[in-house]
Amino acid sequence: MKTCVLTGITTSGTPHLGNYVGAIRPAVQASLAPNTEAFFFLADYHALIKCEDPNRIARSRIEIAATWLAAGLDPNHVFFYRQSDIPEISELSWLLTCVTGKGLMNRAHAYKASVDANREKHTEEDDGITMGLFSYPILMAADILMFNAHQVPVGRDQLQHIEMTRDIAQRFNHLFGQGREFFVLPEALIQDDNAILQGLDGRKMSKSYNNTIPLFEGGEKALQSAVAKIVTDSKGPGEVKDAENSNLVPIFKAFATPEEIKAYMQNLEQGMSWGDAKKALCVQVESALSPLRGRYADLMAHPDDLEDILLTGAQRARERSAPFMAELRAAVGLRSFKSQSSTKTKVASTKHKAPRFVSYRDTDQQFRFRLLDQEGRELFVSRPHADPKHAGVIMRQLQQRTDDVTVKIESDTQFVVCIEEQCVGQSAAFVSIEQRDEVLQQTQAAIIAISTLSL
Ligand code: TRP
């Protein structure tokens, strides 16, 4: 089975050099690993929680989409989409909201920090706190669980959200899974703090510190003017510089080979002026970024193409989310009236038009039975039994203990039928997940229909 790696990018700002080095570049690289399936999405619903400026949201979505593609993300290889294009995510978010304790959300760091800030100001505790902020971790859980991600690369500040996701997933599995684990419990992949670039003042590069270097926006000029503002000590040309502790070297390091880094540090130690050092830094960063910058400008000039790429990504993602959501809806009881009422009337009226068991002796001399639907098509085959009486016992149990019967997904192409934990039958091998899910649902309906309890 492939490992599913998923991460979201909140669309409330313009990507800077720190985002590129700390998150975008490693994520694009990781997406190429064999045996992984990568999901990257624009967390634009999350952005609405932090930002009430529609123009900024709209602009940020385009900039971030163009940035990731310019950085080499291949939208045919990974799943690249906007959260708001997947309606199943908000649908799932509600199902999860209904199983999440309010107490769990009370403990969320981001919410508690806002409450603490209000207390300090002696205002009402929840002043200015929206339900969006309060429920933020549930929407994030829906992002992750919708695609059953195994690994979620995030910054350390997001660790608690992944832990909450696990709690919520476990609770849903327990309440509605009937032995089936609907949701995988995800692991956080914490991005190494060392990989996060320093900003102009030597602190972590962050919009909130106002110390960022732009990645693509503003072109080479913007890069140069930001680098000009990097804080240095007041040593003049010719004086020995403390290269290791300067604010220039960490940025240089992120874009250079070990030999280039060594030479740059030696030059500083031998008296290269800060002005020359900044020029050399710009040349180095620009040589890495300029091909990407060209692609970025091209993408930004063609927003229609970007729209198409993201809609195609959403369509691919929905091939997963839509059938899964259908199962989840059914699991909580949001089921079609049709399949329930029609199977019942059929059972009651025309006996022959109902699902039924057929037992037989196979070529291996073992006794088996099949469950057929009302049209006579096979839904599943039982396990082999040496004694026909045993086959009969299982058949009766399937009719009498409907509440203990579960139909579980075995693989992309097969499901199995269990009584409590014991597997008593299996489906044929299907050609697609969609076909598997269709027959799986028919089987669930047929099991209800054959139940002697429902008559
Ligand atoms: N909350 C994340 C952040 O601020 C963004 C995000 C939203 C996310 N949904 C996600 C990250 C799902 C990983 C998985 O960084």
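Predicted model: local features only at pLDDT ≥ 70, side-chain atom pairs only at ≥ 80, totals over all residues.
## Ligand shell

The ligand is surrounded by 15 residues. His 46, Tyr 136, Met 140, Asp 143 and Gln 158 are the closest. Sorted by class, the shell holds 8 nonpolar, 5 polar and 2 charged residues.

Several elements supply at least two shell residues each. They are strands E1 (3-10), E2 (36-43) and E4 (151-154), together with helices H2 (44-50) and H7 (131-146).

## Polar pairs and burial of the ligand

For Tyr 136, the distance from a side-chain N or O atom to a ligand nitrogen is 2.6 Å. For Gln 158, the corresponding distance is 2.9 Å. On the oxygen side, a polar side-chain atom of Thr 10 lies 3.5 Å from a ligand oxygen.

How much of the ligand does the protein bury? Taken alone, the ligand exposes 370 Å², and the protein buries 89% of that.

## Leu 139 in helix H7

Leu 139 belongs to helix H7, one of the elements that supply the ligand shell. Is Leu 139 buried or exposed? Its relative accessible area is 13%, so Leu 139 is buried, because buried means under 20%.

Beyond its neighbours within four places in sequence, Leu 139 contacts Tyr 45, His 46, Gln 83, Ile 89 and Ser 93. Of these, His 46 is also listed among the residues closest to the ligand. Asp 298 sits elsewhere: 159 residues from Leu 139 in sequence, and 33 Å away between C-alpha atoms.

## Strands E1 and E2

E1 and E2 run parallel and are joined by 8 bridges. Leu 6 has Phe 39 in E2 as its bridge partner. E2 is mostly covered, with 7 of its 8 residues buried. Both strands also contribute to the ligand shell.

Strand E8 spans residues 378-382. Why is E8 described as largely enclosed? Because 4 of its 5 residues are buried.

E8 has two antiparallel pairings here. With strand E7 (residues 367-372), E8 pairs over 3 bridges. Leu 372 has Glu 378 of E8 as its bridge partner. The hairpin of E7 and E8 has 5 residues between the strands, and Gly 376 takes a positive phi near 90° there.

With strand E11 (residues 422-426), E8 pairs over 2 bridges.

Technical notes. Residues numbered from 1 in each chain as written. Heavy atoms only, no water. Near = heavy atom within 4 Å. Polar contact = N/O pair within 3.5 Å; in protein donor to acceptor, adjacent residues only side chain to side chain. Areas by Shrake-Rupley, 256 points an atom, 1.4 Å probe, with all protein chains shown as cover. Nonpolar A, V, L, I, M, F, W, Y, C, P; charged D, E, K, R; others polar. Buried < 20%, exposed > 50% of the residue type's maximum accessible area, 1.4 Å probe, protein only. Contact = heavy atoms within 4.5 Å. Pairing = 2+ DSSP bridges.
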